Amino acid sequence: MIIQNLYNIILLIAAAVNIIMGCALLAGNSSYGDYTVYRRSRLLTALTFLIFAAGFIAHSRLGWRATWPAGASALSVSYFHAAAVLFGWSHISLLNPNYLTRRIVVRDIVILVVGIIAYWTAATSFSLVTFHCSLLIFFLHALYVSFIFYRTLVRVRMMTGRLPQSDDNARWWTDDNRTMVMRFQRSIRVSCHLIIIFGLGSIVVTAAFPNEQWPYIILMALGIAVFCYIYYGLTNYGTVIEAGTNATEDVNSKE
């Protein structure tokens, strides 16, 4: 009973924190009217937080972890997969404003829909082997998005460090702005580290302990820290939005 109560409390705390941060991102979005990519990134990240919050509340209210572990696992993988897609759209776009094309959106949505159908079909078949096989869709897609993120980050960091302080960009590409933009790039790299470790680790725990609740108390506590860091990194970018936007546009125009 104690574990059950702690499990529900930490789920609701995590949901509340995510709702607050999601609403804060949405409320502050109007301040960045001229920065379409950043506004979209904030919107997608807010949606990610709200999806997680809805998933946590559903877990708390339905109690499937004790009564239907396969359904609880399918629910977890569904919103983690959706979050992986949105995180890729939001954060890769900050590094490469030309990333989010219609082709990529359609591709990711198709894979997500196929994955969600597979997770719930496997859950209702009551076959652990089938469910674990369906998880490959999530893992492969998440790992691919992560690869694209890191490849983009490495290229942008290298080229950002070599941007000349010419007459055209001297107004915005000062030493202070260069330092702050590079610091932001480090922060989203850490954000990606954390979301990968938290996301993939959570799904591994879901598969390994389908009937237990205590691992999720630890995961949710760690998850709150992960979400807060992602929020910090994204909002911190707003302090150097002009330099950051100009830098990424310059870097990507040299491809």
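**Helix packing and the nonpolar core**

Helices α2 and α8 run roughly antiparallel to each other, a label given to angles over 145 degrees, with those under 35 called roughly parallel, 65 to 115 roughly perpendicular and the rest oblique. The model is a predicted one, in which local features need pLDDT of at least 70 and side-chain atom pairs count only at pLDDT 80 or more, while totals for chains, interfaces and linings use all residues. Residues are numbered from 1 along each chain as its sequence is written, and side-chain values use heavy atoms, with hydrogens and water left out.

The angle between α2 and α8 is about 165°, and their axes lie 11 Å apart; axes are lines fitted to C-alpha atoms, for helices over the stretch in contact, and angles run from 0 to 180 degrees between N-to-C directions. On the α2 side the contact (heavy atoms within 4.5 Å) includes Tyr38, Arg42 and Phe56, and on the α8 side it includes Met220, Phe227 and Tyr237. Sorted by class, this contact of α2 with α8 holds 10 nonpolar, three polar and one charged residues. Here Ala, Val, Leu, Ile, Met, Phe, Trp, Tyr, Cys and Pro count as nonpolar, Asp, Glu, Lys and Arg as charged, and the others, Gly among them, as polar.

A second pairing joins α2 to α4, at an angle of about 170° and with axes 8 Å apart. That angle makes α2 roughly antiparallel to α4 as well. The contact of α2 with α4 has 18 nonpolar, nine polar and one charged residues.

The protein chain has nine helices and zero strands, where helices (H or I, at least four residues) and strands (E, at least two) are DSSP runs, numbered from the N terminus. Of its 255 residues, 50% are buried, meaning under 20% relative accessible area, with exposed being over 50% and partly exposed in between (1.4 Å probe, protein chains only).

What lies in the largest nonpolar core? This core has 67 residues, of which Phe56, Phe138 and Met220 touch the most other members; such a core is a set of buried Ala, Val, Leu, Ile, Met, Phe, Trp, Tyr and Cys residues joined through side-chain atoms within 4.5 Å. The largest share of this core, 14 residues, comes from α4. Leaving aside residues up to four places away in sequence, Phe138 touches Val77, Phe80, His81, Tyr119, Gly199, Leu200 and Ile203.

Histidine 132 sits in helix α6. This histidine 132 counts as partly exposed because its relative accessibility is 35%.
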